[in-house]
Amino acid sequence: MPQHFRLNDGGHIDRSKAISFTFNGVRYQGFQGDTLASALLANGVHFVARSWKYHRPRGILTAGVEEPNAIVQLESGKHTVPNARATEVEIYQDLSAVSVNALPSLENDRLAINQKIARFIPAGFYYKTFMWPRRFWPKYEKLIRAAAGLGSAPTTRDPSRYDKRFAHCDVLIVGGGPACLIAALTAGRAGVRVILVDDQPLLGGSFLASREKLDGQPAYAWVRIVTAELRGMANVTVLSRSTAFGYQDHNLVTVTERLTDHKPLAQRTGTREMLWKVRARRVVLATGAHERPLVFGNNDLPGVMLASAVTTYIRRYGVLPGKRAVIFTNNNSAYEAALALSQAGAMVTVVDSRQRDHVARIPAFGRLNVTVIHGSAVHEARGNKRVSSVRIGAYLPGRSDVELKSIDCDLLAISGGFSPALHLFAHSGGRAKWDDNSACFITGSDKQATISAGSSRGTFNTRDVLTEGHQAANACLKAFGSIEQTVFIPLVEDTTAFAIQPLWIVGSRERSTHGAKQFVDFQNDVAATDIYLAAREGFESIEHVKRYTAMGFGTDQGKTGNVNGMAILAEALGKTIPETGTTTFRPNYTPVTFGAFVGREIGAKMFEPVRKTCFHQWHEDHGAVFEDVGQWKRPWYYPRDGEDLHAAVHRECLAVRKGVAVMDASTLGKIDIQGPDAKEFLNWVYTNAWSKLEVGKARYGLMLNENGMVFDDGVTVRLSEDHYLMTTTTGGAAGVMMWLELWLQTEWPSMKVRLTSVTDHWATIVVAGPDSRKVLQEVCSDIRFSREAFPFMAYRNGTVADIRARVVRISFSGELAYEVNVPANHGQKVWDAIMNAGKKFAITPYGTEALHVLRAEKGFIIVGQDTDGSMTPDDLGMGGMVAKNKDFLGKRSLSRRDTAAPNRKQLVGLEHVAPNVVLPEGSAVLSQASSNTVLGHVTSSYMSPILGKSIAMGTVRNGLSMLGHSVTIALPDGGFTSARITSTVFYDKDGERQNVE
């Protein structure tokens, strides 16, 4: 297809390399160096998208990252990319792109009917429309979900590879325009480490489309010279096609580098994107500015473009977007577009809202075909799927009763001024300030070691921009104590002065919804009437208006529309723009692929770290089936000879009850606590008293949160006078550590206590059962294991298999049991020695499922299973562990009215009427089958091998006062059964088993 709108010469494209691509199934041609947007315009394609809510026809508005309209889906299948901006996509051979948000096709979008009912779906209509009747919500939701969204997320795994890289530099320079180039040149010549980041494939920024001359040569000639010198410096790294999308604390800037997206699919080898985390001593932000549209009727039609974008397409890409152009402006910058259009052969009419005597120096048009109309405005654009005419009239702020006349056109270029790209500056903690001279927010006070330069700080004169870039680099060098560099700043000729008359909306401030819509945010279809509506409904905060109207919520994040919206809101509220303020700039500056963040850490196993104990290989070799407990892999059970879970657990439980068994308990959280205030600290964090715990003894404790609810439990051993070892639940270890550190650092900083997580440092082997003492006596000769010498809840140092060990006599099974703790590097040796010594006692490994059954037989709780964050010690029948004569965290909350109420849920035992049937965990407990009153639920339920029947525990309202009563259990299949409320202790009620001789 011929490129009818391609100019015969000019631009920074390679006309010798033609590229064929498809858009919406139609094949077109462009050249290497084109973006998808420039190639489409070269082929005369303006209508490229539908808007999000009203499905209005939309065209290409900009030439950069701020593009709100031309959103496309690239490729299909495993290489698909949703919501790419056509203005950023570099075309490659056989590129395939389609419009989004249009079904069945762009031309015949079925939801285009929304345009006819637009008056009934203003901002916030969904908050009011879909609230009633409530029973219709599932239908509403289905329809909303079907209509929402833009592109389609990939359904197959991304085949690309992503990598991450850390870098350090002295000066990080963000941007590729004039200020950045001279700043990089200055710092680079000083010999400091420099990283230059720019999102474009070519450096130069505005100079790529400039007619300005530097020292008598075209601006881009200077760019090429500087670029060549920078790329030749060993101390300078130039990252093109790279976007700095976030500015974090301590001068950490995150950058995504696109390495292969501009290549044909078959040539995309290696890393697709690189995520850089750059730590810089100083950051220079020269991020440029985004041109603002003007707000008037139908300002969203295809063929309406920003004036700077028109200039860019003509001078950078050699594309003429229209042949009969109208330019509507309130500042001088748009005259560059008029000049470019005229020189390319277009007929141009400039509509300038300013009076002639208010206009600063503008380019001389000479014999060019340009007409200028001062003191006027475009009130409305007209056309169907492309602008065909405009209606202009006198610019009378706040009024729409002016005489209008029509001008035919196929292109409308608009310029409402510029908004500096403050995003990274704001990410760094900097505060923006309003500048009346340039009618925009500019950089104000900064919080980090950063310097802004150029148009990002409201400077639009080229000579001044270059000067600021040079000064910014020298300021960095001065901060380093380096010698400042003198770089010759080229003489800039024929610079147009920037002069602006603020113009935020054309026509009536209360335009009827019957009139042409005046759009502020193009992507989310936010019109001026929506902002006025929000103000009338009481929304005064710009952040609230943003959320009510969805202004700035699109993929462009309001880069073109937000300042106009703020100004319109300010006027509606009778405030100034600084009083109204800005919305919050948050990372990311532009969308970043998930792949860039994830890197190579993909797949289910890489979602979070997989932690294994030092015995993991032994467990695998002996057929263990694992379960995930937090991040840990723990043996669940050890099947033998085709055993299923139940058979294996039955055997393992009986081995503990009748002989001896061994378990890997290394995953228990272990926190080393040292310091002269350690005893006082433990008194605060546990409910029971710790002042009198002797060295060499252990104690079980409950830990509460501020609300008085059980947070974690565990055993803590006193190793010496000021040294304790705390154990926690496996899943709660990290939370407990953070909880303890929180209190030490924020509430008790004067306490002399040090905490160290040592979970990974110690291997813990539980030896349990009536024969456990005999086994340990085989491998440990320097500890006396008699009942009198080594009582229950005592701790001893010794050697096990010639390895120094800490041995604690403790039991979570109710049997005689010991926990052997040795350094993890020696764990396997000790495990093997214990297993060899236990052979003559038929020692058996057991897993977590058997552990759960054993502890349930004894009524021992598991925090997180038998508790749910709403259980107090009294609810668990453990009120005796709450000290009455000391304070502790959560104690005050235990006396609150609701916490001490008599009708709370309490942990009880449940004895099923069918002893051979295990109650499903989670089943609701009811007073009777016909009742809708839920008393509680089943928390733990197992088949007890030693008792030969099922056992269960559950939380039941007033359960401790209902012992012996029957309750109804609602089964998942809809049926009901009965159970009797009992004590939670089903086996060895007097605890004699753990004290056998």
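Mentor: We shall discuss peptide bonds and phi angles.

Mentor: This is a predicted model, in which local features need pLDDT of at least 70, side-chain atom pairs count only at pLDDT 80 or more, and totals for chains, interfaces and linings use all residues. Residues are numbered from 1 along each chain as its sequence is written, and side-chain values use heavy atoms, with hydrogens and water left out.

Trainee: What is the peptide bond from Leu103 to Pro104 like, cis or trans?

Mentor: That bond is cis, and its omega is near 0 degrees. Pro104 sits in the loop between strand S7 (95-99) and helix H2 (125-129). Helices (H or I, at least four residues) and strands (E, at least two) are DSSP runs, numbered from the N terminus.

Trainee: And where is Asn588?

Mentor: Asn588 belongs to the loop between helix H13 (577-580) and helix H14 (594-598). The peptide bond that joins Pro587 to Asn588 is cis, with omega near 10 degrees.

Trainee: Why point these out?

Mentor: Most peptide bonds are trans, and most residues other than glycine have a negative phi.

Trainee: On to phi, then. What is the value for Glu75?

Mentor: Glu75 is not a glycine, yet its phi is positive, near 55 degrees. This residue lies in the loop between strand S5 (71-74) and strand S6 (81-85).

Trainee: Is Glu75 buried or exposed?

Mentor: Glu75 is buried, because its relative accessible area is 12%. Buried means under 20% relative accessible area, exposed over 50%, and partly exposed in between (1.4 Å probe, protein chains only).

Trainee: What about Asp525, buried or exposed?

Mentor: Asp525 is at 0% relative accessibility, so it counts as buried. Its phi is positive, about 55 degrees, although Asp525 is not a glycine. Asp525 is placed in the loop between strand S30 (519-521) and strand S31 (526-527).
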